[in-house]
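Subject: Structure handover

Dear colleague,

I am passing on the structure below, and my notes on it follow. Please read them with the structure open beside you.

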Amino acid sequence: MVVVIKMDFKLFKEMLKRILLVTFTAAVLACQAAPKPLMLVEGIPNIKPDEQQSLVCKEIVALIENYNYKKLSVNDSISSVVLDNYIKALDPYRSYFLASDIKDFEQFRTTLDDAFRVGDLSAPFYIFNVYSKRYNETLNFALAHIKDKYDFNQNDTYVFDREKMPWVTSAAELNELWKKRVKYELINLKIAGTAEAKNTETLNKRYLDLKSQSAKLNNQDVFQMIMDAFTQAIDPHTNYFNPDNAERFNEDMARSFEGIGARLQLENDVLKIVEVIPGGPAFKSKQISAGDRIVGVAQGSGEFEDIIGWRSERSIAKIKGPKGTRVRLKIIPAGQELTAKPVTIELVREKIILEDQSAKKEVKTIQSNGKPYKVGIITVPAFYADFKAANAGDPNYKSTTRDVRLLIDTLKGKDKVDAILMDLRSNGGGSLVEAIDLTGLFIDKGPVVQVKDLKGNIDVSEDERAGVAWDGPFGVMVDRLSASASEIFAGAIQDYGRGIIIGTQTYGKGTVQSSIDLNKLVNPSILQRLASLVQKGPGASGLTIKGGKDVAPQLGQINLTMAKFYRVNGSSTQHKGVMPDIELPSYYPMDKIGEDTEPSALPWDEVQKSNFVAVADLSAVKPDLVKLHNERMQKSADYKALIQDIADMKKRELETSVTLNETKLKAERDSLEAKTLEKTNKLRASRGLPALKKGDKIKKDESFDFFEDESLHVLADFMQVKK
């Protein structure tokens with residue numbers, strides 16, 4: 001959940017000059033000194049940090065201390081939080097570490113801050129290696145006891161959530177815990193109706209797969225976890241991305257990437273095609289289908305590399321590449337054994353636009369008081385923008401605002417809708433610029449958001465483009481997962497009186513992150529010196545593979561919290577979020593999800609109101625809309641079912657254990673399934689749909705979105721009340 005500003009490189013480089021000229025150069029030179037010896041864990045191949053990660057760690061400390069909005073010092077208190085965050089991330093349910101391990105780790109409680117400042121990562125890597133040993137020990141124990149004889153008629157229980165329980169004190173106690181876990185998983189398979197021999201085979205394969213995935217972890221994975229624990233202690237939205245994660249983040253923001261146009265997934269050490277994206281090279285070739293497996297990759301006319309057993313990101317990096325370049329693949333078609341002769345296919349990479357993850361529309365008709373209303377629903381999954389294409393001068397670069405403008409044109413011209421409803425549910429944010437530009441489609445020129453930087457200066461960001469794309473009745477759907485840029489947009493629409501906000505209190509993320517490519521802060525000559533210090537080899541963390549060639553070390557990216565945003569009415573959305581005009585129950589637990597549940601979150605505050613002119617005053621209309629909404633809810637079977645679902649979910653959240661008695665567990669499952677089916681059929685009957693039988697799936701055209709349906713009714717009310 002992030003609002004990102006892509007800062008002008010020259011401006012940002014000047015701003016960080018005193019850090020860049022001293023610390024980066026000094027850090028690289030310091031890399032040549034002997035690193036602090038890593039405490040080794042016996043019995044496993046220890047994963048070790050490298051010089052590049054040491055450099056990045058030091059620079060993250062420097063950036064945070066000099067430019068994070070909180071203006072804090074990385075000290076012993078931060079160190080303590082980092083240690084707790086890290087241990088919890090590795091073993092959240094206390095299923096691997098022993099109490100003696102946790103006692104051993106206490107030696108690092110107040111020293112991680114000093115270690116990170118000089119780039120010393122030996123302590124957290126040691127902790128990870130201890131975890132890796134325990135993880136594999138427990139899996140080996142589980143594998144050895146899958147074929148044990150278990151009594152499924154005993155009245156024992158398995159505690160699956162041990163987060164608030166003491167750490168186990170001995171290996172024997174941990175083994176007993178894992179025997180119960182094995183028993184629980186076997187019972188689950190048995191209740192599903194498969195044979196005992198098949199169940200042991202399935203569970204054996206499951207644990208072997210977990211061991212295989214663990215063996216593929218490298219020092220970049222560990223470093224990412226360490227930095228996550230560190231930045232989480234600073235604030236919830238300052239994040240470091242290693243090179244692979246940075247690339248994925250930027251592709252997600254752009255809603256595009258360059259490659260063959262296929263979604264890939266590792267399955268049993270083989271890269272499998274799970275989806276062929278329409279319009280891409282793989283789709284156009286008509287030679288590739290979902291389910292095919294890629295076993296070899298070659299660049300252009302180069303030699304093939306066997307990629308079986310590789311990490312997925314390493315294989316994918318070989319397959320992706322700049323548009324216009326050629327890649328050859330060895331493919332085993334779906335349904336054939338891996339021993340079959342592979343088919344060789346050559347593709348030319350293209351730029352792939354992820355349309356299914358972009359804004360889209362549909363038109364629905366709602367009947368209200370005997371009159372039909374056509375409503376265009378625009379679903380916006382994120383505030384995205386292809387910054388790379390925009391900076392390169394591409395006039396057709398992809399962005400949320402551009403996509404929505406085209407959808408509105410169609411809704412007005414072709415569909416001739418009476419109103420528009422924008423769906424921002426589960427939209428975690430994205431580009432701040434897009435939030436401003438999108439607001440400009442619904443208001444004339446004027447301020448949209450106020451941004452206060454770490455010096456206290458307030459900048460008012462305005463929609464400077466005259467005119468609107470839609471001036472008719474308008475509503476916005478939000479929920480607890482609507483955050484950041486979504487809150488800027490929804491808050492501006494509410495403050496201007498431009499539309500009705502419907503849903504639940506939003507996330508409350510009112511901070512602004514600047515996306516900083518660490519490579520752009522380093523002189524190229526220093527990068528080359530660093531390259532000579534980084535160990536080369538398969539999966540080496542310091543090198544990024546593009547088109548089969550090793551290029552300069554990639555340092556990754558940090559999204560640094562450097563500002564806070566405020567609505568034009570002066571209120572921050574931080575902690576409080578946006579309160580809807582028409583409030584619906586939240587299916588997401590409000591006490592577990594949201595900015596106000598984050599210990600390191602910034603507080604709520606206010607600034608002076610901006611100079612804006614509201615489009616309309618809806619204060620007189622809203623009470624009538626609330627009254628009509630409440631009257632509908634009193635009669636709504638869906639509303640009552642939702643309230644009951646939320647109550648049941650809260651009850652289940654309190655459960656930490658489960659019975660290991662097969663008869664009791666099956667009875668509980670059957671009872672729950674029967675109640676769910678009965679409730680579903682009652683709701684289907686109220687909509688004139690036939691009852692389902694056990695095991696039936698709901699057809700796509702029979703699915704019902706209660707939140708959307710009520711929002712459509714609210715919008716119909718709005719049009720009638722206004723008249």
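Predicted model: local features only at pLDDT ≥ 70, side-chain atom pairs only at ≥ 80, totals over all residues.

Residues are numbered from 1 along each chain as its sequence is written, and side-chain values use heavy atoms, with hydrogens and water left out.

The buried residues of H8 include Leu174, Leu177, Trp178, Lys183 and Glu185, where buried means under 20% relative accessible area, exposed over 50% and partly exposed in between (1.4 Å probe, protein chains only). Among the elements that cover the buried residues of H8 are helix H7 (122-144), helix H9 (196-215) and helix H21 (662-686). Just after H8, Gly193 takes a positive phi of about 100°.

Lys71, in the loop between helix H3 (51-67) and helix H4 (76-90), has a phi near 55°, and at 56% relative accessibility Lys71 counts as exposed. Ser426, in the loop between strand S14 (419-423) and strand S15 (430-431), has a positive phi of about 60°, and Ser426 is partly exposed, with a relative accessible area of 39%.

Another loop residue is Val380, placed between strand S13 (371-379) and helix H14 (387-391), and at 0% relative accessibility Val380 counts as buried. Leaving aside neighbours within four places in sequence, Val380 is in contact (heavy atoms within 4.5 Å) with Ala359, Thr400, Val404, Met422, Asp423, Leu424 and Asn427. Of these, Leu424 is 44 residues from Val380 in sequence, yet the two are 5.7 Å apart in space, C-alpha to C-alpha.

As for the whole protein, the secondary structure comes to 22 helices and 25 strands. The radius of gyration, taken over C-alpha atoms, is 28 Å, close to the 27 Å that the globule rule (2.2 Å times the number of residues to the power 0.38) gives for 723 residues, so the protein is as compact as a globular protein of that length. Buried residues make up 51% of the 723 residues.

How values were computed: Helix = DSSP H or I, 4+ residues; strand = E, 2+ residues; numbered from the N terminus.
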